[in-house]
Amino acid sequence: MKLTTDKDTLAEYKALILYILYKVNKPITNDEFLKLILSITDINYFYFQQFLLDLLETRYILSYEKDEHTLYSITPEGIEALKLTADMIPGIVKLKVDNNFKNELDLIENEVSISAEYIPKSEKSYMVTCKIVENSETVFELKTFAGSNEKAKAIVENWKANAVNIYPAIMESLNMTPKNLS
């Protein structure tokens, strides 16, 4: 992939990035964005990052921090630039975006909606954070300590595999009125 001298290809990829952001119609993280563009084309990661920086500098894309993630969205100036450059994107690529995009976006949203991580606090203490995120909003977050690296890993793996069962059980427990206290 030789992009350093082909100005048409550079412009085409930048137009494609704007087109994808326009179609998503909501802020997305860098990882989500990369997965979406890789589902359409085989762009090099470093070129993708450079194109993002170029589009940020020209204010066609906006980035901001939210819940420890950098989110990207298209600006009104970016929409205007897209209107002028959309014809640079090959029709087959637009068709791919339009037809396959919904499935890829749904897969990405499901991947990131349940997350868990652990951070060592000391040799025998780990902070574990389990989250459910919907539409870039944290709807549930649980933090707990684990006494070993193995326990922390087990909690993370269990949450990722079973959050769909654990979360409702926690919510049910929180909403129940204890019989002996009422």
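**Exercise 1.** Is glutamate 80 buried, partly exposed or exposed?

*Solution.* Keep in mind that we're working with a predicted model here. Start with the number: glutamate 80 has a relative accessible area of 44%. Next, recall the cut-offs: buried is under 20%, exposed is over 50%, and partly exposed is in between. So glutamate 80 is partly exposed.

**Exercise 2.** Find the salt-bridge partner of glutamate 80 and say where the two sit.

*Solution.* Look for the partner: it's lysine 83, with the closest N and O atoms 3.4 Å apart. Now place the pair: both residues lie in helix α4 (residues 76–85), three residues apart, or about one turn of the helix. As for accessibility, lysine 83 comes out at 58%, so it is exposed.

**Exercise 3.** The structure holds two salt bridges. Work out what the one between aspartate 54 and lysine 14 ties together.

*Solution.* First, check the contact: the two side chains meet at 3.2 Å, N to O. Then place each end: aspartate 54 is in helix α3 and lysine 14 in helix α1, so the bridge links parts 40 residues apart in sequence. Lysine 14 itself is partly exposed, at 25% relative accessibility.

**Exercise 4.** Describe the backbone and setting of asparagine 25 and arginine 59.

*Solution.* Take asparagine 25: its phi is near 60°, positive even though the residue isn't a glycine. You'll find asparagine 25 in the loop between α1 (7–24) and β1 (28–29), exposed at 66%. Now arginine 59: this non-glycine has a positive phi of about 65°. Its loop runs between α3 (45–57) and β2 (61–66), and arginine 59 is exposed at 61%.

Notes: Residues numbered from 1 in each chain as written. Predicted model: local features only at pLDDT ≥ 70, side-chain atom pairs only at ≥ 80, totals over all residues. Heavy atoms only, no water. Helix = DSSP H or I, 4+ residues; strand = E, 2+ residues; numbered from the N terminus. Buried < 20%, exposed > 50% of the residue type's maximum accessible area, 1.4 Å probe, protein only. Salt bridge = Lys/Arg side-chain N within 4 Å of Asp/Glu carboxyl O.
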